[in-house]
Amino acid sequence: MKLYKSTKEPEMYHYFNANKEKLWMYRHKYYDATGKRKEKKKSGFKTEKAALKALLEVKAQTLRGETKYIENDNLTVGQWLDIWYESNQKKWKISTSKYRKLIVDRHIKPLLGRYKLHKLDRATYQRVFINVLEDKLKPYTVKQIHGLFKIAMNAAVEEEILVRNRFTKVVIKEEAENATRIHENFLTPAELNKLLSTAKETEDISRYSFLLTVAYTGVRRGEALGLQWQNINFESHTITVERTRDRTGARTPKTTNSYRTILVDSVVIDQLRKYKTWCKETCLKYGIRFNENSFVFINNYGEPVCELTFNDMIKRVQMKAGLVTEEGLPKSTLHGLRHTHATILLNSGQNVKMIAERLGNTPNMIMNTYGHILKELEQQSVAIFSDTLKASGAKSGANLF
């Protein structure tokens with residue numbers, strides 16, 4: 001292909017394609033970050049003006065030192081996500097790595113993978129990705145997926161492949177500030193009592209002890225599964241959380257806030273004391289060594305229990321107890337017991353900081369998750385204040401002065 005140099009710009013040329021159509025291109029020479037001589041070229045421009053505009057943009061980028069941006073301008077979203085994942089997966093916990101791989105492969109790449117990373121704009125992202133996800137997933141899930149995409153884009157910025165993250169102000173449909181999600185996954189104190197009494201009557205000692213511990217402490221499922229007998233202090237009535245466990249194994253908790261020691265009721269301590277005796281007998285029966293490093297929750301063969309065991313159990317117990325929705329489904333999940341624990345404490349007037357420490361969260365997370373309950377409590381406090389004044393003989397605020 002013969003090139004004809006432009007009279008306006010020495011790095012621009014015109015040429016004729018197979019259809020004899022006149023097109024324009026540029027060939028810009030520059031030095032990369034290591035001082036190596038390189039060339040950036042692009043063809044197919046319909047006009048000289050369009051080619052010049054693109055060339056001037058590339059020149060400005062090289063002057064700003066954005067050579068990585070130039071070299072990766074043909075990188076697709078899917079290609080970058082693969083690079084990002086492969087480069088970082090060993091730094092993440094196994095559960096985090098699997099979760100991110102699932103989200104990337106199932107949701108992000110099918111919808112966005114073919115788009116050029118540099119050319120994907122916020123409007124397109126909103127239309128072909130967020131809006132599509134909102135039609136089939138809950139707002140909370142969409143927010144989680146969007147959050148992961150932003151992490152990947154921030155990494156591209158750090159690698160100087162993108163100049164900035166264009167997806168930080170994307171609008172995502174809310175679900176009444178989590179109120180709907182929490183209310184749908186919550187038991188009242190009376191319902192919780194019914195759940196526990198039914199479990200005590202119908203489940204084995206291991207499952208019941210697990211359910212009682214989770215309900216009375218608000219610990220996460222993985223945190224409960226990660227408990228060892230050394231974490232149970234029968235004298236001080238405390239449980240210490242210092243690891244989590246799932247089907248991939250035991251590891252440290254996700255955040256520093258998750259490390260905590262929780263004061264528990266004597267009901268739980270007494271049950272765990274009886275349960276520990278059962279554990280010793282069961283392990284002895286099957287020739288399994290029992291010590292303070294043994295996991296607390298085991299099955300009838302002395303082996304650490306799988307997480308799925310308790311997911312099925314809480315559904316089964318609720319069906320037996322009649323704790324079902326109008327559609328005949330269980331009212332709550334295992335994680336819902338954590339919401340139940342937090343809500344009961346909030347309704348009893350406990351302060352947010354104490355609840356956050358107990359749950360292994362931050363006060364801000366409690367405020368964001370249970371804001372609807374705090375709003376209701378605020379309204380109640382206004383009524384209580386007014387009723388107290390009326391009881392003292394005041395007819396209105398004006399009478400106080």
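1. At the start of helix H9, a side-chain oxygen of Asp 204 comes within 3.1 Å of the backbone nitrogen of Ser 206. The model is predicted, and this contact, like every value below, is computed from it.

2. Helix H9 covers residues 205–217, and its 13 residues should span 18 Å at 1.5 Å a residue; the end C-alpha atoms are 18 Å apart, in agreement with that. Just after H9, Gly 218 adopts a positive phi of about 75°.

3. How much of H9 is buried? Of its 13 residues, 10 are, so the rest of the structure largely encloses the helix. Among the buried residues are Ser 206, Tyr 208, Phe 210, Leu 211 and Leu 212.

4. The largest nonpolar core has 41 residues, and those touching the most other members are Leu 195, Leu 211, Tyr 275 and Leu 337. At least two residues each are supplied to this core by H8 (189–202), H9, H10 (221–225), strand S6 (238–241), H11 (266–285) and H12 (307–321). Helix H11 gives the largest share, seven residues. A second, separate core of 32 residues includes Leu 112, Val 128, Met 153 and Ala 155.

5. Tyr 275 deserves a separate entry. Setting aside neighbours within four places in sequence, Tyr 275 is in contact with Ile 205, Ser 206, Ser 209, Trp 229, Val 296, Phe 297 and Ile 298. Ser 206 and Ser 209 are among the buried residues of H9.

6. The whole structure holds 17 aromatic pairs. In one of them, Tyr 125 and Phe 149, the ring centres are 4.9 Å apart and the planes lie at 25°; the pair counts as stacked because planes under 30 degrees apart do. This pair links distant parts of the chain, with Tyr 125 in helix H5 (residues 122–136) and Phe 149 in helix H6 (residues 139–158), 24 residues apart. Both Tyr 125 and Phe 149 are buried.

7. Tyr 275 and Trp 278 have ring centres 5.7 Å apart and planes at 15°, so this pair is stacked too. The two residues are three apart in helix H11 and therefore separated by about one helical turn. Tyr 275 and Trp 278 are both buried.

8. Which residues do ring pairs link into a cluster? They are Phe 210, Trp 229, Phe 234, Tyr 275, Trp 278, Phe 290, Phe 297 and Phe 310.

9. Two arginines sit over rings. The charged end of Arg 100 is over the ring of Trp 92, 4.6 Å from its centre; that of Arg 245 is over the ring of Phe 295, 4.8 Å from its centre.

Methods:
Residues numbered from 1 in each chain as written. Predicted model: local features only at pLDDT ≥ 70, side-chain atom pairs only at ≥ 80, totals over all residues. Heavy atoms only, no water. Helix = DSSP H or I, 4+ residues; strand = E, 2+ residues; numbered from the N terminus. Expected span 1.5 Å × (residues − 1). Buried < 20%, exposed > 50% of the residue type's maximum accessible area, 1.4 Å probe, protein only. Polar contact = N/O pair within 3.5 Å; in protein donor to acceptor, adjacent residues only side chain to side chain. Core = buried A, V, L, I, M, F, W, Y, C linked by side-chain atoms within 4.5 Å. Contact = heavy atoms within 4.5 Å. Phe/Tyr/Trp six-rings, centres within 6.5 Å; stacked < 30°, edge-to-face > 60°. Lys NZ or Arg CZ within 6 Å of the ring centre and 35° of its normal.
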